[in-house]
Structures are given as structure tokens and as C-alpha cells.
Amino acid sequence: MSLFRPLCLALAAGLALAACATPPQETAPPADADTGAPEFAEAPPPAMDAPVAPEEPAMTCDPAPGQWAVGQIADEALVAKVRADTHSDRVRVIRPGMAVTMDWREDRLNLEVDADNRVLTVRCG
């Protein structure tokens, strides 16, 4: 009974060390008999005649055309019109006390409104 505990500890240590062993490496691909170089399948060349879709220009916010909205009530129609006028991809209406992220997005329009939902500022970011 006195040898049982040390034997179990030695077996556990051996298993732990075996788990840390490096796995066997894969063998190299067979060599070509003529050149001695490994055989690899050649990849087909990329298709050069495939039409490339033109990239659409990234939407960038320009707040100047939306300044007319300052003082107006920010309803859905006004938000959609200002978004179109400023060429923005997205709009964020910021209410008083509202937590917002500070990340800069050149395609986002920020409409800051007061407690009565009147637009105070029109800016990008």
C-alpha cells in the first residue's frame, strides 16, 4: 500500500510529460524521379478575362447642405432628407443626456436635438 501513492504520482507525471511532447512531423512529399524536386500540383492561372465590378465610391458625410435643418423638429421625414442632402450612409439622432460612442465615422451624420426634438447641430462623425 505504501508504493501505491508514489506509483500513481509517477504515472501522472509521465502522462503529463507525454502530453507536452512534440507531435510527429509529416513526411515530405515524394520527390520527382527526374529532378529530385518534390511534386506539387500547379495552380491554374487566374482568369484575366473576368469582368471586374467597379468599386462604388465610399459615402462621405458633408454637413454643409444639411444646415437648413437646425431649428426644425427632427421627425422621420426630416432625418431622411438631411441624410440624403449630406450624402451620409447612416444617421444618429443624439438626444440630451444620451450616451454615444466617440468613434469617428466619415459616413455618419449626427443630429443633436434638444428636449423638444429640435435640431441643434448637424455634424458628421
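Predicted model: local features only at pLDDT ≥ 70, side-chain atom pairs only at ≥ 80, totals over all residues.
Start by selecting strand E2, residues 108-113. Of its 6 residues, 5 are buried, so E2 is largely enclosed by the rest of the structure.

Next, bring up the two partner strands. E1 (90-94) pairs with E2 in the parallel sense, over 5 bridges. Follow the hairpin of E2 and E3 through the 5 residues between the strands, and stop at Asn 117, where phi is positive, near 70°.

Now show side chains for the largest nonpolar core, which has 13 residues. The members that touch the most others are Leu 78, Val 82, Leu 109, Leu 111, Val 119 and Val 122. Nonpolar side chains tend to be buried together in soluble globular proteins.

Center on Leu 111 and look beyond its sequence neighbours: its contacts include Val 79 and Val 82, Val 91, Arg 92, Val 93 and Ile 94, and Val 119, Thr 121 and Val 122.

Last stop: Asp 107, in the loop between E1 and E2. Is Asp 107 buried or exposed? Its relative accessibility is 12%, under the 20% cut-off, so Asp 107 counts as buried. Leaving aside neighbours within four places in sequence, Asp 107 is in contact with Met 59, Cys 61, Ser 88, Asp 89 and Arg 90.

Methods. Residues numbered from 1 in each chain as written. Heavy atoms only, no water. Helix = DSSP H or I, 4+ residues; strand = E, 2+ residues; numbered from the N terminus. Buried < 20%, exposed > 50% of the residue type's maximum accessible area, 1.4 Å probe, protein only. Contact = heavy atoms within 4.5 Å. Core = buried A, V, L, I, M, F, W, Y, C linked by side-chain atoms within 4.5 Å. Pairing = 2+ DSSP bridges.
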